[in-house]
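Me: I'm new to this one and would like a close look at a single part of it, followed by a walk through what lies around it. Here it is.

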Amino acid sequence: MDRSELTARLDALRDATMAEAAEATDVATLEAVGVEVLGKKGRLTEVLRGIGALAPEDRPVVGAAANAVREAIEAALDERRGELRSAELETRLAAEAVDVTAPGRPVARGSLHPVGETMRAIAEVFGRFGFTVFESPEVEDDVRNFQMLNIPPDHPARDLWDTLYVDEPGYLLRTHTSPGQIEVMHRERPPIRALLPGRCFRYEAVDASHGFEFFQVEGLMVDEGTTLADLKGLLDEFAHAMFGADRPTRFRPGYYPFTEPSVAFDVECVVCDGVGCPACSRSGWMTILGAGMVHPVVLRYGGLDPELYQGFAFGMGVERIANLRHAVGDLRLYLENDLRFLEQFR
Amino acid sequence: MRVPLSWLRDYVEVELEADRLAERLTLLGMEVKAVERWGADWRSVVVGELLEVRPHPNADRLSLTRVTVGGETLDIVCGATNIAAGQRVPVALPGAMLPGGRAIERTEKMGVVSNGMLCSGDELGLTSDAEGILILPADTPVGAGLMDLYGDVVLDVDVKPNRGDALCLVGLAREVGAATGAPLRFPDCTVDEGSDPIDALLAVEVEDPALCSRFVGRHVSGVAVGPSPDLVQMRLMAAGMRPVSNVVDASNYVMLELGKPIHTFDAAAVTDGRIIVRLAHPGERLETLDHVDRELTGDTLLIADPAGPLAIAGVMGGASSEVSGVTRDVVIESAIFDPVSIRRTAFRYALRSEASLRFEKGQEDRLARLGADRTARLIVEWAGGTAAIGRIDTAPDEPTQARVAFRPSRVDRLLGASLRSDEQQALLARVGIATEPAPAGTLVPIASSPEPLSVTAGEGEALLAVVPTWRRDISVEADLAEEVARVRGYELVPSLTPDTAMPSYLPDPLAMRHAVREALAGAGLTEVVTHALVAPAADDRFGPLDDGPVPPGEAPARGQRITVTNPLSREHSVLRRSLVGSLLDVVGTNLRHGRSNVAVFEIGKGYGRDEAGIREWWRLGLALAGAARPAFWADEGRAFDLDDAKGLLELIGRSIGAGRTAYAPLHDARDLHPGRSARIRLGESTAPTLVGRVGELHPDAIEALGLRTDRVIVAEVAVSGLTEGVPRPVVALPPPRYPAVERDLAIVVPEATPAGEVMETVGAAAGPLLVGQRLFDIYRGAPLAAGDKSLAVHLEFRSAERTLTEDEVETIVAGILASLGQRGWSIRT
């Protein structure tokens, strides 16, 4: 075989292979072509075996030509491979298309009850001012629910708390969280900053603003120099945290046997902004809690010397605060547990 | 307390506009709940003069009238008989709207057109007279709107229980004076007396002065009982009391005016003119004014005569001695009774009244005399008759004013103010509290209970407050601090952020509850809050669930149930001992609303009592029903099953760091499916972290409760830290440095063998290098023998110190196989 013949065979191999590559319709066929031509036992190797028979001066020339053919074939294969791959990918992508307008897979997300979350929000505000949560029993005795709070038996102020009594003599369902004040004073020494959230009970017919079970948060702060002015400042901070920094507040006299002086604390009506509407009985104000300076009698039952220590207490209805935060008008909704209501609190 | 402003003006000058007055009273502590426009519903009611009254041609009982209302003359048909030409009467014009929404139109009555209506006092809500037309004074301007003449503003004042003295117009007039400085005009209590001395007509004997510290009696003879003057009736109506007769109205008028409940007797019914104030004899009976015949208990204080009971003192009069149309002579009772006795009696007979409410709060002693005199004066004025000379008075010495020492410096310290003592004195003077210097060594009263406490004032430190006799609420220093603060105005209290010492840090007892709540809400459950008071049947069915030793720090669910003795309803009459019943209520309600899925939880208390006393315990309860996953276009839906509940409890277990999980079959729990319920216990047996039960509701229970579903899964568990725990910080390990070796085993066991037992056997045999075991398949059927099942578990072995060799793992697996073989279980290969 001479040089020209060999060169011709190389050219023929190149042309044939490029034609085959162009005809391949998938990558696997193409790779098979590549192996058949360029592999160790491929057709190119077979052609190159003839080089040994050439004159020494022809060998580099044919060798160079062979390399050029190899490169040309590889380039053709690469090009065809690229074409085939993009075609295959396109086919796959087209096949994989979905209806992206269909809705996504639902993920279950539960909800936390607004009463619990409101109590937590209240505790968070007072927590900033150093108040810690305490708890006391819900089944109380008359002594702690009333007498230690300066409400003796047969006191007319008992009318303020219609009471549910139980079949254990002397016991009742606590009508307010205030007995917790006594509990805290027995457990901690001043300075005291305590918050007492919890369930309370009253003999009360159910309507949009009353229930026989409800939740309260009580607060108690006692130290040597805790004043009515401190109470006002703290309640202002609370009202601003809950209802907005520019919400006007009103501090006015109230009455509770266990505080002296006693306070009622109002915020400007959140419905009408003080104009006067049915929600605020046209007064422009909504009472959100009762408070006052702890009565000396209560301090004494708590084991504290009223000459040395003084402080304040406050109590608020959780549902009332929740109503105002969430624009709810009927507190029966909280204990009805209709999921259509509760699931909004997500 | 309803306060007609026009009446209030009898006792104090009021220049403020009504809304402003309401605000001032509120800021003074007399909260005005509502400002009512009295008469606002007399639209198009005007004063008319009757020009002519003649019989109706077609109806005997009707009259035809011609009325001028100033300019216009109207023909009006009227059914009343008390009218005559020349009278001035209220005329409702066509288009008028009367109280109660009654619309007046031009109508035809028996063939005659009537252009409106002449009104009775009752129709206008002005007086109680429904028989006749309201005849207005002759000088009433014709054509004037009735609202302009008789319209009023009525304040509804919430007088607090400590201020019984303000539960009357005079008391509130004093408060107005405190706000504005206007002086009080006390009502005239002088009596024009006749010639008979009262001693000849009335004798009073008080058997128990502790229960009736003072009894003042007056006697008026020759009265003509009839309606009160219209103005009086109008005032009583506006104040919310129905006029009865001039004599009875006089006593009610004095009660509203002075706050002194008064009772009047027909003197003819008082045997021998002798009144005896005594306790009832057991078995004695009295027909009270409401015509109920009552058997009296021995602790009921009575007004009696020698023949028997006349009235329940301070609570309700008797029918036999009631003042009526035939009454000629009247005995007036104005007494001071023991507040506690009255309160108990009123509750005992369920007869709480305006009178008993005032007695309960305690009465100023002086009012016994003033009330008797004022009533006698008004009776003579309105009903005629002659008052006997003098009064019967069982305790005529009136107590002097109390003196209460206080330290202005201490008032300042309490209020966070810096008021000079002369400023404090001036403020107190506005509510009638005079001040005097206190001598050295004066005792300042601090508290009256548990036993009286007072401190000795330093030199010049204290002042003596001279407390008006009506202010029975002022007895200790703090009471004066409140007076100073409220008269000055709470709006002047500075608003300061507390800057005193902070308490030391304490953990939040709710932290664990919050962590569990977050975990379950994150897992898709809705938190509910249900009633602690439930029906007895619900408690019978579900509580208490005692599942053995509870986590340390948690309380066991134990004890008899606690029953409310005065429940609002049977549905809410006992304290629950389990949350399950309440949760099933929630499930039932929501399924009835058409929900396809309900997944709820509650962290709540159970309650019980035993020899140790009252017990309360915290539990986590959950209930699952319906679709765990709704059908979705790409997925099939799936219903909740037992494994969902178990998975949720295991999630809680993991989040609180519980170790081992153990379930034990529970075959005999009432209301649970015998094959689908278990006790669950997470953590070590000595210190479990989650203990309770989980199961599917028994089909019988589903039916009994009327639940609209096939399956409900419930659980109730005690969880470590629910009572007052804080989640512990995670103890974190670095990622493993050495690879794991994994093996799968298919273990063939009899059908009845619990998977938990098999996995425990594997775990025990494997030792500490087994770090994970997961049951991934349960297979039944060929080629297994009938009655067998194959449990496929995936095992993960790992050492923290080195790479495990194949040989090591093979040795462990051989040990596991040997252990399984000993139990008679085989391996499927």
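Which residue in β23(B) does Glu193(B) stand opposite?

Reply: Glu193(B) stands opposite Ala387(B) in β23(B). Before going on, keep in mind that this is a predicted model: local features need pLDDT of at least 70, side-chain atom pairs count only at pLDDT 80 or more, and totals for chains, interfaces and linings use all residues. As for labels, residues are numbered from 1 along each chain as its sequence is written, while chains are lettered from A and ligands numbered from 1 in the order in which they are written.

That facing pair belongs to strand β12 (residues 193-197) of chain B and strand β23 (residues 386-389) of chain B, which run parallel and share two bridges. Helices (H or I, at least four residues) and strands (E, at least two) are DSSP runs, numbered from the N terminus, and two strands pair if DSSP finds at least two bridges between them. Strand β23(B) also pairs with strand β14 (residues 212-221) of chain B, over two bridges and in the antiparallel sense. There, Thr386(B) in β23(B) has Ser221(B) opposite.

For the complex, the predictor gives an ipTM of 0.91 and a pTM of 0.89.

Further along chain B there's an open sheet of four strands, in the order β41-β42-β40-β43, with antiparallel pairing. At its edges stand β41 (770-779) and β43 (826-827) of chain B; each has a single partner strand, so one side of each is left without a neighbour in the sheet. Strands β40 (residues 741-750) and β42 (residues 788-797) of chain B run antiparallel and share 10 bridges.

Now for chain A, which has 12 helices and nine strands. Its C-alpha trace spans about 130 × 45 × 45 Å along the principal axes. Its radius of gyration is 44 Å, whereas a compact globule of 346 residues would have one near 20 Å; the radius is taken over C-alpha atoms, and the globule rule is 2.2 Å times the number of residues to the power 0.38.

Chain A has an open sheet too, with seven strands in the order β1-β4-β5-β9-β8-β7-β6 and mixed pairing. Its edges are β1 (132-133) and β6 (249-253) of chain A, each with a single partner strand, so one side of each has no neighbour in the sheet. Strand β8 (residues 285-294) and strand β9 (residues 310-317) of chain A run antiparallel, joined by four bridges, and Gly290(A) has Gly315(A) in β9(A) as its bridge partner.

Where do the chains meet? The contact (C-beta atoms, placed from the backbone, within 7 Å) takes 78 residues from chain A and 85 residues from chain B. Helix α8 (residues 228-243) of chain A provides the largest share of chain A's side, eight residues.

Asp236(A) lies in that helix, α8 of chain A. Leaving out residues up to four places away in sequence, Asp236(A) touches Thr249(A) and Ser495(B). Asp236(A) counts as partly exposed because it has 19 C-beta neighbours inside 10 Å; the cut-offs are buried for 20 or more other C-beta atoms within 10 Å, exposed for 12 or fewer, and partly exposed in between, with C-beta atoms placed from the backbone.

Pro296(A), by contrast, is buried, with 25 other C-beta atoms within 10 Å. Pro296(A) sits in helix α9 (residues 296-301) of chain A. Setting aside residues up to four places away in sequence, Pro296(A) touches Pro306(A), Ile446(B), Ala447(B), Val476(B) and Ala478(B).

Note on methods. Two residues are in contact if their C-beta atoms, placed from the backbone, lie within 7 Å.
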